[in-house]
Amino acid sequence: MIKLIGQRAIASLLSLLGLMVLVFFLSRLTGDPAVLFLPIDATEAMKANFRALHGLDAPLFEQFGRYVWDLLQFDFGQSLRKARPAIDVVMEAYAWTLPLALITLSLVVVAAIVLGSLAAFKIGGFFDRMVSIISLIGASAPDFWVAIVAIVVFSINLGWLPTSGVGTPLHWVLPIAVLFIRPFGLIVQVVRGSMLSALSAAYVKTARAKGVKNLPIIFVHTLRNAMLPVITVIGDQAAAMLNGAVIVETIFGFPGIGKLMIDSILQRDFNVVLAAIMVTAVAIFIMNMLIDIAYGLLDPRIRH
Amino acid sequence: MSEALLDVRNLSVDFHTARGTVHAVKNVSWSVNRGETLAILGESGSGKSVSASAVMNILDMPPAQIVGGEILFDGQDLLKISYETHRALNGKKIAMIFQDPLSHLNPVYTVGWQIVEMMTAHGRPADKARQRALELIGRVGIADPEQALHKYPHQFSGGQRQRLMIAMALMLKPDILIADEPTTALDVTIQAEVLALLKELQLETGMAMVLITHDLGVVAEIADRVVVMSKGEIVEQGTPREVYHNAQHPYTRQLIGAAPGKGEIKLLEAAAPVLLETKKLCKTYGEFTALKDVSLVLHRGQTLAVVGESGSGKSTLARAILRLENPDSGEALWKGQDLIGMNARELLGVRRQIQMVFQDPTQSLNPRMSVYQLISEGWDIHPIMPDHAQRRERVAELLLQVGLEPDHAQRYPHQFSGGQRQRIAIARALALEPELIICDEAVSALDVSIQAQVIALLEEVRARLGISFLFIAHDLGVVRDFADTVIVMKAGEIVERGATRQIFEAPQHDYTRRLLAANLDPDPDIQAQRRLAGAHP
Amino acid sequence: MTIKHILIGALLASTSMGPALAQDNTDITVVLSEELDLVEPCMATRSNIGRVIMQNISETLTELDVRGNKGLMPRLADSWEDKGDGTWQFKLHPGVTFSDGSALDANDVKHSFDRVFSDQLTCESARYFADTELTFTVVDDTTIDVKAEPAQPILPLLMSLVTIVPSETPMEFVRDPIGTGPYVMSEWTAGQQIVLERRDDYWGDQPAVAKATYLFRSEPAVRAGMVAAGEADIAPQITEDVADNRDTDFSYPNSETVYIRIDQTVEPMGDLRVRQALNAAIEREAFIGTVLADGTELATAIVPPTTLGWNADLVPPAYDPDHARELLAAAEADGVNIKAPVEVIARTENFPHVTEVGEALVQMLNEVGFNASLRMVEVAEHEQYYSKPYPDGRPAQVVVAQHDNSRGDPVFSAYFKYHSNGTQSGVNDPKVDTLIEQATATTGDERAALWSELFAYVQNDIVADALLFHMVGHSRVGARLDFTPTIATNQQLQLSEINFK
Amino acid sequence: MSDLSLTKPNNPATQRGFTIFLAMLWRDKLAFISALVLVLVVLCALVGPALLGDLATNQNLRGRNSPPFDMTRGWAFFLGGDSLGRPMLARLIVAARSTMMVAAGAVATALIVGATLGLVAGYMGKNISQAIMRLADVIMSFPSLLLAVVVLYVLGPSIPNMILVLAITRIPIYLRTTRAEVLEVRERMFVQAAVVMGASHGRIIVRHVLPVVAPTLVTIATLDFAFVMLAESSLSFLGIGIQPPDITWGLMVSQGRPYLTTAWWLALWPGVCIVITTLALNLLSNWMRIALDPAQRWRLEARSTTDV
């Protein structure tokens, strides 16, 4: 196990390195941060001074060398915009994104599994059709549209929930609800499909012959067997969430990594972009590892 | 007349399929009493499992529909009680075990959990269930029950899994045990042990047993009474002796006639040139030795049978010769050339000359290709038949040759029965005009009557085209009828080799003798004699 | 569904705080569109920073009146005087203290400017002194001489752009700004909020607002909704679409001017008639009250009417498509390739409905015979087309841009947009250059006259660009506040101007 | 083993190709309607811009945001007018082309590239496989927003570039799925049978592995269609997506956003178009899974004779 994790870590480190090189050079193709940092009527001298201060005037490869050297000392550089260590900025944002992603994901997983399993048990029934159609519509509704309509309805017209922000647990309800919709639509479909084939497996017959009740047959006997493809999709969705929910964060004023990422990209705050990508990549790497472990926990045949 | 414990009366079951309604079971009646063993004998498609499934309420409805009859258990009609009442009976009063314990055990839970669940599902406390589970696991002959509780199904052998299934079924001391082909997937020696165990347990508990099987030998060994089913109807019933010796219905007679191992043993023909020779082939997987110094010689036009139980290395041998796997050491000489050292180019030439027929045609035929595509695929690879009109003709010819219709060419594998599929696989092998066909358990999955037909087909092909066969099998009866020479393998090694007659009539090695002894004879009298002999060695 | 209900129930039960409604009467919440990256006084001219700190935390020597008509007013400087030779003397208000307790003196002023010009920092306000060399001489604690070379007639006005910090402030961006203003920053949670609290020892009058919490939401509908829902008191910069409540929503000219910058160096834009045709092709009135807010005014200059030298005689170019076609035909007859492709370049999110404005402009141009197409780009790319050096080999490009001048003097607008050396200039005309240079070097009425002449010349004679609109801003102000947003609200939001009803 | 192998021969397949397909489609009414919807969408995409191009771009600032279901201004305004007074219906029809181009282009590109890499990764040796999987990791962690900005900044905003951006971000999904399936399929007996026959790697991949993997990929692809349309819409929302004068449903949704409270139809209709297209695609792909699988096809064929 330890050995496996070690191998994965090394392989992922390579990926991380590739990612860093790619992001470093590609992002620098997108223009001069000095122009965006300084006002439009700034003088050439001011721009030159800005570039010199942030080492942007050196040849690209020298900049890269310096970046790598700093990185080896765990220095991700300064944010051009915020004049703070980039990594601090990123970690602060991540402290918001992580719980948001985890809470939403847990809710999605539980809801999708329960509803998808029940839909699969009575396939073609009313409940099944409802779940399918609602989930498909949910999966194809634009999230910013849903978000704004939700604010207008629940916060402004009904006054049930705060419009935006992060002050209290209530503030989390709308962002989570909006984030919930699409992954739920997707995962519920996968659960349904996977459960469908698992329910026709021979061991279900055995369980029925044993006199096991329906609910344990669905949620104990079958579900665990049906989980492998589901876990894979959950992994993909989790990766997307760990990258931050740009639109939801933007609209709800949620100080997460997605908003930080888009702002930093648009402002060419390279160090923050790089640090953010590294942090999310590590998070995704850890999550992939957890998923592999989950495979093993769910299915002893993989474990042995 | 006393009431039977379980009495199935005039049961009719339909299956509604898109192609119309199939009357799977027509007006079937049978009954079984305490301490009695009833065998339901039939081939696939005969409807022999359907009535048992109806008893357990595990038929999928739809597509199935019970259209008539009653199932009386202790005087109560199981078809009229509620789902919940029926569920409470399952496992507690009537238990069932299945053909393939690997797929019928849940792969992701420990066997302990699954066995204990039999009692907890019926409201018994878990600690008592555990006690009973330990006791029963020991009783069915699994060493170290405590440890076995924490293992998963895949960590046991096939025979052990079936024993565990039996333990599970007996947890609540049911009145009736329904066993659906309980030994079909097992090696002969294991089959004998499992049947003996079932019998013992029946004596202990006095339960009734319904045994569903396609194997006359099993019937001869264990049944008190037998009903023979064909096409959804009961065509014959009585004691095994009556049925075997005095069959009335033509179907029964055909079934008995098709049982292998009764014909003349062939005489070894004069030695022809050597076609294939292996020298000291070795292969290990980690700790496990699959092949150890396996050397054999196959002459042109002859059939060499390799017998042995699962895990004896016979399939690895075939795979090594076909270069599907590279042996660790040794040589495999094809007409004097070493196959092992060949590069891809040279190998391609040899590939055409050696073809293979796999055990399970359902899996070895690509389900998305039509029969024509399947048979002609080899000609895309090997340029021996470039002309398309010619190909159509030849495919039709081949289909006729293996006993199918030319217009079957447009169909897909799922539209055929198991036997027909195996014929397609044989036609595919023949299409390339090979010199050697390796048959890996090519007839094991087939019903006896089909088995006999396929063997006859292979025999004919050999006679007409002079093709040699490397025939891998665990069923000694088939080997006896078809092979010229036999090799017996055990744990990767050849323990005995010789002409077929010599192996069957004067086996030298203990293991060979044990194999022969475990082989069940369809004749109840012979089986009875063997049992006596076994009881007093 | 049930799970969600349970969750909501649990959250409702677990929270003791409702939305931030229950505030003391004198606490307010302001919701802004853009978060602050920095809270650095020398960056206060950047609008998102200025709105929070300008005159609230940090003050300037002088201040431009935008409510009345008082022009330049004293703030930290009580008075100033032109000593000739480019030198101005400023008298500081006595008894002013910074929020760290230290007293304001002339050295602090000097240090503040040292910071602005330091190469250790990248302070924005430096641009206002681009070609001017400033020398500071501390006369006494409350007197300082500033010498500008070349002489800078509007130096006191420029002083309204530089915030004063204590002389201990390091030569790097600070995160806890110290100023002389009535408020001190008591909390800054990046990504969430900034809180300002009233100082007890402020040198001037105590403002009514005791505490101001700033929140940041980029979606206008959300900002407006927050005021409607009572979560915030002021939401500047909402769009017209969401400003649907007459009682709380204010509209006011916001000092932004939208115009089309024409680069005259690429065919067919070099021809005067083509530029005239372009102006005549645009039906400016059609935009107002449709895609642009009611109250938007047609522009006759690059700066808003409140600016020095505003020329009231100018009239917007008339919409006359027939005349435009004639002009183009005439140009074509002289060999101008009027069918050369023209790219109309606009920036996404530049102002509300910029895309629709772009699409409508393109249609209007094409109706009179231009071969125009729209190109929407993001900010960094826009900058490439808008500022020199312009890319080589480009087709004719006209850039839709928005220019903000709330400073009261057109000097920078004129230089950057029209001078042949101006970074965003498409003009190369000696008379324009001369007029700008002369106006820059003078003061008073003469300066105003020169600016007026310049505006008339660029619009009527050379048709340097297509001036479009003076824009209108919208803000929503909660009912309990007594506050009217002004033209300066884009740049600054003085809490001291807010009162309670 | 099933006790019910249906060995009865069915009627010989004398009908050919297209008619059989249509007949099978007719059996599944939902799929049939879906197919009609998609044909309509494709028709709109093909001829819409040519027929309605002018109508859809003709602005009328004074008649902007006219409400839907008002026939006085002609059929084109049945679904209302947009913020520049252009008829929504005509614009929706014209936008079908770019929408379909972007969605189909991105999905097809991602599918082809992803599946090819996945096939190679699943079929070839461990080293190549590892390299490809690490590449997938890199793409997966590379934020699509940055990619969009890079591509749009360096190459300029255009439909092909948008396809490029969206395709790259979707590649890992196909790659990982394909590889996982190939790892399983290559162990199947009929693949071994092909090896024994001497089939080349290419042949095995194309003839034996791909057909088994394809249904899963098609299912993902149809779900992805919606994803891509929405992703494109989100990028437009953030200002780094497709920009006018190009027009897609996603862009229309994004542009209708400011009017959500005042002119709901601006964002709703294109949203509805996206939802309907997605639903139709999904229903059709469910049908296709069955129709393309010889072992399942009878479900659709047979009802023709015994549809009771």
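How many residues does the contact take from chain D and from chain C? The contact, meaning heavy atoms within 4.5 Å, takes 23 residues from chain D and 23 residues from chain C.

This is a predicted model, in which local features need pLDDT of at least 70, side-chain atom pairs count only at pLDDT 80 or more, and totals for chains, interfaces and linings use all residues. Residues are numbered from 1 along each chain as its sequence is written, chains are lettered from A and ligands numbered from 1 in the order in which they are written, and side-chain values use heavy atoms, with hydrogens and water left out.

**The two interfaces**

Buried area is the accessible area (1.4 Å probe) that two parts lose on being put together, summed over both. A salt bridge is a side-chain nitrogen of Lys or Arg within 4 Å of a carboxyl oxygen of Asp or Glu.

| Chains | Buried area | Share on carbon and sulfur atoms |
|---|---|---|
| Chain C and chain A | about 4,000 Å² | 64% |
| Chain D and chain C | about 2,100 Å² | 48% |

Between chain C and chain A, the contact involves 48 residues from chain C and 44 residues from chain A. Of the area that chain C buries against chain A, 14% is supplied by C:D37, C:T122 and C:R127, more than by any other three residues. The rule finds three salt bridges across this interface. C:D37 also forms a salt bridge with A:K82, where the closest N and O atoms are 3.3 Å apart.

Helices (H or I, at least four residues) are DSSP runs, numbered from the N terminus. On the side of chain C that touches chain A, α1 (2-14), α5 (220-228) and α9 (379-386) of chain C each supply at least two residues. The largest share of that side, six residues, comes from α1(C).

Between chain D and chain C the count is one salt bridge. D:R86 forms a salt bridge with C:E359, the closest N and O atoms lying 2.7 Å apart.

**A helix of chain D**

Helix α3 (residues 88-123) of chain D has 36 residues. From its first C-alpha to its last, α3 reaches 50 Å, close to the 52 Å expected at 1.5 Å a residue; the expected span is 1.5 Å times one less than the number of residues. α3(D) bends by about 30° at D:A96, the bend being the angle between axes fitted to the seven residues ending there and the seven starting there.
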